[in-house]
Amino acid sequence: RWITKMKTVAICHQKGGVSKSTICQGISLEMPGTVAVYDSDPQGSSAKWLERREAGKPVRATGPIHKLPALVKACEKQNCDWLIIDTPPWHDDKVNIRSIISVADFVILPTKMSRYDIEILPKTVKIANSLKKPWMIVLTMGQRSNLLEQTKQNLSETADLLGGSFCSTVLMNRVAHSVASYHNSTASEMEAGGLAAFEIRKIAEEVRATLR
């Protein structure tokens, strides 16, 4: 195996539309070894993506959310190297963000440039910090403007202040992700040399570097 212990990565933000599923699907194909994906979001974007794909990488992990620790152990027994968890945008009794973060080795916090998205981030950061889980903010759906550089600086300072990290690569708002999703694929599979694929690869590299 590439690594001696399976690593679990949770992709969380308690708001929808911040590219959680895009990152989940994208990095699942960038990790070495056997990768499992678990979709805890009732909307099931990543689950449907997995169902429509041909057999192969990644594999789908299934089971009720309240048995998540057992599911993690099952993936380890199946010699998975990575478990990537897609999460819902809310926090309720059935799907508990805290229980998901508790089994994670690393937490990715995607956020758009919108003030409303950024203001919600500390809620999830507080949970990750209380569980002593390392986390990284990823700026998504970026658009070229003066606001982009300002947002990057603000998020980097916020990450430093709150004890996490800020991803040096921004996931820009590129049509390649929508096209790939329509074809049950990823940007890397559709256009390996494209900018969208490059950004996903760089994000995956930062995750691997942190967990190495």
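This is a predicted model: local features need pLDDT of at least 70, side-chain atom pairs count only at pLDDT 80 or more; totals for chains, interfaces and linings use all residues.
Residues are numbered from 1 along each chain as its sequence is written, and side-chain values use heavy atoms, with hydrogens and water left out.

Nine helices and eight strands make up the secondary structure count of the protein chain; these are DSSP runs numbered from the N terminus, with helices being H or I of at least four residues and strands being E of at least two. The radius of gyration (taken over C-alpha atoms) is 16 Å, close to the 17 Å from the globule rule (2.2 Å times the number of residues to the power 0.38) for 212 residues, so the chain is as compact as a globular protein of that length. Its C-alpha trace spans about 45 × 40 × 30 Å along the principal axes.

Of the 212 residues, 50% count as buried, meaning under 20% relative accessible area with a 1.4 Å probe and protein chains only. Contacts (heavy atoms within 4.5 Å) reach well along the sequence: among those between residues at least 6 apart, 76% join residues at least 24 apart.

Now to the inside. Nonpolar cores here are sets of buried Ala, Val, Leu, Ile, Met, Phe, Trp, Tyr and Cys residues joined through side-chain atoms within 4.5 Å. The largest has 35 residues, and those with the most contacts inside it include Tyr38, Leu68, Leu109 and Trp135. Among the elements that each supply at least two residues of this core are β2 (35-39), α3 (68-77), β5 (106-111) and α6 (146-162). Another core, of 23 residues, lies apart from it and has Phe106, Ile108, Ile200 and Leu211 among its members. Leaving aside neighbours within four places in sequence, Leu109 is in contact with Cys12, Leu121, Thr124, Val125, Trp135, Met136, Ile137 and Val138.

Helix α1 (residues 20-28) has eight of its nine residues buried, so it is largely enclosed by the rest of the structure. Lys20 and Cys24 are among those buried residues. The C-alpha atom of Cys24 is separated by 12 Å from that of Ser185, 161 residues apart along the chain. Ser185 sits in the loop between α7 (175-182) and α8 (187-190) and counts as buried, at 9% relative accessibility.
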